Amino acid sequence: MSKTDDPVALDQWYAVETATDVDAEPRRTRLLGQDILIRRAPDGAAVVREIGPGGVLGTPLPAQERYGCLWTTLGSPRRDIVTIVEADEDDRRMVACGWVRMRASGLRIVENFLDMAHFPFVHTDVLGAEPHTEVPYYKSEIRRDVDEVWATDCRFFQPQITANQAGSMAQLSYRVPSPFVVMLYRVSPYSPNRLDAIALFIQPIEEDLCRAQPVMYLVDTESTQLELLRFEQLIFLQDRIIVENQRPLLLPLDPRSEIPTRADSSSVVYRRWLKEKGLRYGTAEHAARQ
């Protein structure tokens, strides 16, 4: 497939590689249907270029290294890369969990990340367990001043809240700062006056194919780096099975396409936000019109 012409998708920043993996050896990948080449120049700067017909390289694309990843864009973003203030706090544990490739729209992955109702059935005895299946009321909104989706006052019983912490009622907030980035904030069990931050960066390769990497910023004084990594990878690989089996693979924005429940409040608001933006890439409606 060829590069999209969707201006909303083009004018976003995307994480496309782990920064420490970028070196002088060129790496080829794909973003929004466009082949790109990544390498590190002799002066240490990361360089990203589109690969045109016949392998001809285009002029360098914008590139930034932030949050352990290399970011680029195929368009002209009006906003900078999402701000994660927790990343600048020296006492936090930063864990980049590795890229996972998934046959699904990146928008489906964001929606799955927002969904608490699947915890007891997909992440059994870790993030949820029967009979604790009810999702208590929470607030979902589009924050117009920052143009982000937020879900707050979220609570859910989790049997294993961290790699080394036994179960309790987790207090959560969700944030979607751009269509292909989603974040979870959780009251830290190690420091109740602070929030752990878990970001999910998504690289849409094609409309129905992407890869994603969770990056965690934790207040955790007990777990080893390997324990933290394994815990998050287990969760994410369980999610992969569910996301890849959803149909359609692309995300429907028409509210009549899928019947929501009260627990789907954040999903409903996320879809409404995407529709307001006019995003087409990765949506079921766009595929139907092609």
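1. Packing of H2 and H5. In this predicted model, helix H2 and helix H5 (residues 265-277) pack with their axes 9 Å apart, at an angle of about 150°. Angles over 145 degrees count as roughly antiparallel, so H2 is roughly antiparallel to H5. The crossing of the two helices, H2 and H5, is right-handed. Two packed helices are described by the angle between their axes and the distance between the axes.

2. Residues in that contact. From H2 the contact takes Leu107, Arg108, Val110, Glu111 and Leu114. From H5 it takes Ser266, Ser267, Tyr270, Arg271 and Leu274. By type, the residues of the contact of H2 with H5 are 5 nonpolar, 2 polar and 3 charged.

3. The nonpolar cores. The largest nonpolar core has 55 residues. Those that touch the most other members are Leu32, Tyr174, Val176, Leu200, Ile202, Tyr270 and Leu274. Helix H2 (residues 106-114) supplies the largest share of this core, 5 residues. There is also a second, separate core of 18 residues, whose members include Tyr67, Cys69, Trp71 and Val181.

4. Valine 176. Which residues does valine 176 touch, not counting residues up to four places away in sequence? The list is Val110, Leu114, Glu148, Val149, Val181, Val182, Tyr270 and Trp273. Among them, Val110 and Leu114 are on the H2 side of the contact with H5, and Tyr270 is on the H5 side. Val181, also touched by valine 176, is listed in the second core.

5. Most residues other than glycine have a negative phi. Tyrosine 67 is not a glycine, yet has a positive phi of about 60°. Aspartate 153 also has a positive phi of about 60° and is not a glycine.

6. Where these two residues lie. Tyrosine 67 is in the loop between strand S6 (63-66) and strand S7 (69-72). Aspartate 153 is within strand S11 (residues 148-162). Is each of them buried or exposed? Tyrosine 67 is buried, because its relative accessible area is 12% and the cut-off for buried is under 20%. Aspartate 153 counts as exposed, because its relative accessibility is 56% and the cut-off for exposed is over 50%.

7. The chain overall. The secondary structure comes to 6 helices and 15 strands. The chain has 290 residues, of which 54% count as buried. Of the contacts between residues at least 6 apart in sequence, 62% join residues at least 24 apart.

Conventions. Residues are numbered from 1 along each chain as its sequence is written. This is a predicted model: local features need pLDDT of at least 70, side-chain atom pairs count only at pLDDT 80 or more; totals for chains, interfaces and linings use all residues. Side-chain values use heavy atoms; hydrogens and water are left out. Helices (H or I, at least four residues) and strands (E, at least two) are DSSP runs, numbered from the N terminus. Buried means under 20% relative accessible area, exposed over 50%, partly exposed in between (1.4 Å probe, protein chains only). A nonpolar core is a set of buried Ala, Val, Leu, Ile, Met, Phe, Trp, Tyr and Cys residues joined through side-chain atoms within 4.5 Å. Contact means heavy atoms within 4.5 Å. Axes are lines fitted to C-alpha atoms, for helices over the stretch in contact, and angles run from 0 to 180 degrees between N-to-C directions. Angles under 35 degrees count as roughly parallel, over 145 as roughly antiparallel, 65 to 115 as roughly perpendicular and the rest as oblique. A crossing is left-handed if the near helix is turned anticlockwise from the far one by less than a right angle, and right-handed if clockwise. Ala, Val, Leu, Ile, Met, Phe, Trp, Tyr, Cys and Pro count as nonpolar, Asp, Glu, Lys and Arg as charged, and the others, Gly among them, as polar.
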